[in-house]
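Subject: The two-chain model

Hi,

Here is the structure I promised to pass on.

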Amino acid sequence: MSQSDLLDQFILEARECLEAIGKRLLDVEQDPANEELLNDLFRSVHTLKGNCGLFEFKPLERVVHAGEDLLDRVRHRTLAYSAELADALLEAMDYSAQLIDQIERHGRIEDGADARSTAHAQALRAFLREDASAGVAAAGAAEAAPRAGAAAPWIDRLDMAAIVSKPGVLALHYLPEPGCFFKGEDPWRLARTVPGLLQLDVVGASAWPQGEDRTGWDCYQCNLDIVLSTDAPRAEVESHFRCVAEQVAWRDEGSDPVAIDVPCENPESPVLLNRVAALWSDQCESLARAGDSTGTVRAARTALTRLLACLGETATPGASAALADLSEGVSASSLLAWARGNAPALEIGRDVVDERMSGPTGRDRDVAAPSQRAEEGSATQAPKVLKVGQEKIDRLMDLIGEMVVAKNSLPYLAQRAEEVFQQRELAREIKAQYAVINRIAEDMQHAIMQVRMLPVGAVFQRFGRLIRDISRKLGKEVNLVVEGEDTEADKNVIEPLADPLIHILRNSLDHGIELPEVRRAAGKPPAGTIRIVARQESDRVIIEIHDDGAGVNAARVRSKAVERGLIPADRAATLSDHDAVQLIFLPGFSTADEVSDLSGRGVGMDVVRTAIERINGGVELSSVQGQGTMLRLSLPLSMAVTTVMVVECAGRRLGVPMDMIVETVRVPACDIHHFKQARTTVLRGRVVSLRALNELLALEAAPKPNEEGELAVLVIRHGNESVGLLVDHFQGASDIILKPLEGVLAGLVGFAGTALMGDGGVLMVLNPKELLQ
Amino acid sequence: MTIRYLKKHAVLEGHVAVEDAETLTQWLLEQREPAVHLGACASVHGAVLQVLLALHPKVKAMPADPHLAAVLGLA
């Protein structure tokens, strides 16, 4: 893997990490007590930090590192998670995303970044300091266990001299809960079996009973108070106490320069290396024994992570990220395989030897090691997911498209063989071959579509953050509920959705959901709910955005639309309420009296509609005043293959997208009414205006009637009305791969694009909407 | 049975499990000069340790485990 490939990979993964972090931060805010979420969050940040270590991106690493420290404290319940903390972390993550953008553009971080990154890191670290000075004890911790600093009285029960004299000696205070015996715990045994135990002291947490009290004393109420010191690494001891982690207080390592959690000053120290190697193989053994017990696997994984952390990022850069990448439910055997394949002992042994042999050039070796190790790591575990650049998939898609077109020429060939060369037999064989190729081509097309499918959840992800930020800004309380985020659609359909959906959500937040007091007065719960529901309906994906806000005031929409001159007043009055609320999709419509930075500039909903229509989707609004609004987006599953109606006009073949067509009819010339320039006809009791396609395309020919004197009319949907297009012939429907117009043709209006037909001809596909304007 | 209750002292042998804590408590409370023999005691459950700490009987023989001895104030 070359350096630039590695960098690309880094950028890709960093983005993923940041996305995951953003999402997790919000999840954690909802449910701060959830260990699982916190650990997941920490893991993402840790992975990101580990990845930064591969490159010299100091400003980025600084920010991420501060975030990691902060989260570590939160994770160990020594710091309370708060909205302010989340704000700071989110801001830091935004800044990190900016840095990643810079790295992607220029391959490095711009010079001015240092000061800002320091500021961000300091803002994060301020929480750590604040906490230390305030001495905030974590929720759920044993009240009696003093947490802050070396001044904790329990420390005095140990021989301090022995702790301070030797680096890496840990002291901890274990205060089992009174009912622990009933849970089958044995605190004494747990303490007695701590790895690397040095000193151990047990006293009564409260005074032992004396005299008369002794008769009624309950020997099954645990009253033990245990302090101990050990020279085992913290990771190992933590994993030993993992079941009662909240009952254990550690000697504050902030006051201790050689604390184990901080990457060791001297990772090459042979003592540490030996210890790590021994522990590593211990973990391998326990994994080999574990079978599929998830607890052991998790513990071993934690231990391995900590071991890597203990070695420091520079010594094992790829490894900790790779470990964090292993899936949550990784089986004992695969973790074991990984652990064996990545045993740091061998690596380090070699590093040390190399260093000794190569002397001063040993540093270069360090630079080379990470990528090498990453490759070794990937060799031992078979990759299950391939990361492929989008352009490669697009290229494949194009090729398959050409394949589909190319195979369509076979029926023409068969026809020629039969008609021109009188080879009936050959024609039949060509047709048989065509059937085979056709089947394979369709399968290929289907397969590539599957590859391009994305869950709609991909765009929903960022909404949590958006809603949180905006609702905080507006002083509203909003819950976001997302359903059906697994619904899949083509990448080209999903990706352009992000902006319109953001517009819609902003509108819902700004105009829809009321302030808590207004909601309470209306008898609704103070917190509004925005529900995003996605589902598949035959070949369309439906996305509905519900809010339980004030709804759209149809009367106000009417008057605003008239006021802004969007429709005449008399027409506005005749519209039903349902039709009236659709007016908000008109360009230039806004009901907001003043422009806020959220919405009200009158570029809202028509932009949404245009964006949705660009991907052949439709948008519809329904609203009940006082109860809420529902926006329904209907989108195609895929845009790759478009069905068009092929029509003939003055000897030219033209395509019209099928989803715009209402019907095809033949109208006798006598049924067409002329009024000045305009032509109309009556279809099923409704007046339909007729336009000749020849005229619209500036072709100097009149529409050709057939033998019975009837004109072919293609009725298409245009906004809320139907319009009839007069054409010469209908040629039937055809599946095509639509290519947008490029180069000098790109500016051409009235055409959606071109497609290659089976016989090699080029079909121009119309965009009737533009044509009719 | 991992505790043998003799006339003058109780002998704790092997691993003394959590169930024994209650009978040991009762027995120690009944004695005028309670004493325990820990020479053959390999390990005790936390509850038993708590009983020994709370009622601090006289220890006739030291346990082999130095940490246990230290915690009982015998080292």
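Predicted model: local features only at pLDDT ≥ 70, side-chain atom pairs only at ≥ 80, totals over all residues.

Residues are numbered from 1 along each chain as its sequence is written, while chains are lettered from A and ligands numbered from 1 in the order in which they are written.

**Chain A overall**

Two residues are in contact if their C-beta atoms, placed from the backbone, lie within 7 Å. Residues 594-602 of chain A also stay under 50, with 18 contacts beyond four places in sequence.

There are 28 helices and 22 strands in chain A; helices (H or I, at least four residues) and strands (E, at least two) are DSSP runs, numbered from the N terminus. Of its 773 residues, 34% are buried, a term that stands for 20 or more other C-beta atoms within 10 Å of the residue's own, with C-beta atoms placed from the backbone (12 or fewer is exposed, and in between is partly exposed). Among contacts in chain A with a separation of 6 or more, 69% join residues 24 or more positions apart.

**A helix pair in chain A**

H16(A) (residues 409-419) and H17(A) (residues 424-452) pack at an angle of about 170°, their axes 8 Å apart. The axes are lines fitted to C-alpha atoms, for helices over the stretch in contact, and angles run from 0 to 180 degrees between N-to-C directions. H16(A) is therefore roughly antiparallel to H17(A), the word for angles over 145 degrees. Residues making this contact include Leu410(A) and Leu413(A) of H16(A), and Ile430(A) and Tyr434(A) of H17(A).

**Two buried residues**

Val493(A) sits in H20(A) (residues 491-494) and is buried, because 23 other C-beta atoms lie within 10 Å. Its C-alpha is 9.2 Å from that of Met453(A), 40 residues away in sequence.

Lys524(A) belongs to the loop between helix H22 (516-521) and strand S8 (528-537) of chain A. Is Lys524(A) buried or exposed? It is buried, with 20 other C-beta atoms within 10 Å. Not counting residues up to four places away in sequence, Lys524(A) touches Arg519(A) and Asp548(A); the C-alpha atoms of Lys524(A) and Asp548(A) are separated by 8.8 Å.

In chain B, four strands form an open sheet of mixed pairing, in the order S1-S2-S4-S6; two strands pair if DSSP finds at least two bridges between them. Its edge strands are S1 (3-5) and S6 (58-61) of chain B, each pairing on one side only. S1(B) runs antiparallel to S2(B) (residues 10-12), joined by three bridges, and Tyr5(B) stands opposite Ala10(B) in S2(B).

The contact between the chains takes 19 residues from chain B and 20 residues from chain A. On the side of chain B, the largest share, eight residues, comes from H2(B).

Best wishes

Technical notes
pLDDT = per-residue confidence, 0-100. Parallel < 35°, antiparallel > 145°, perpendicular 65-115°, else oblique.
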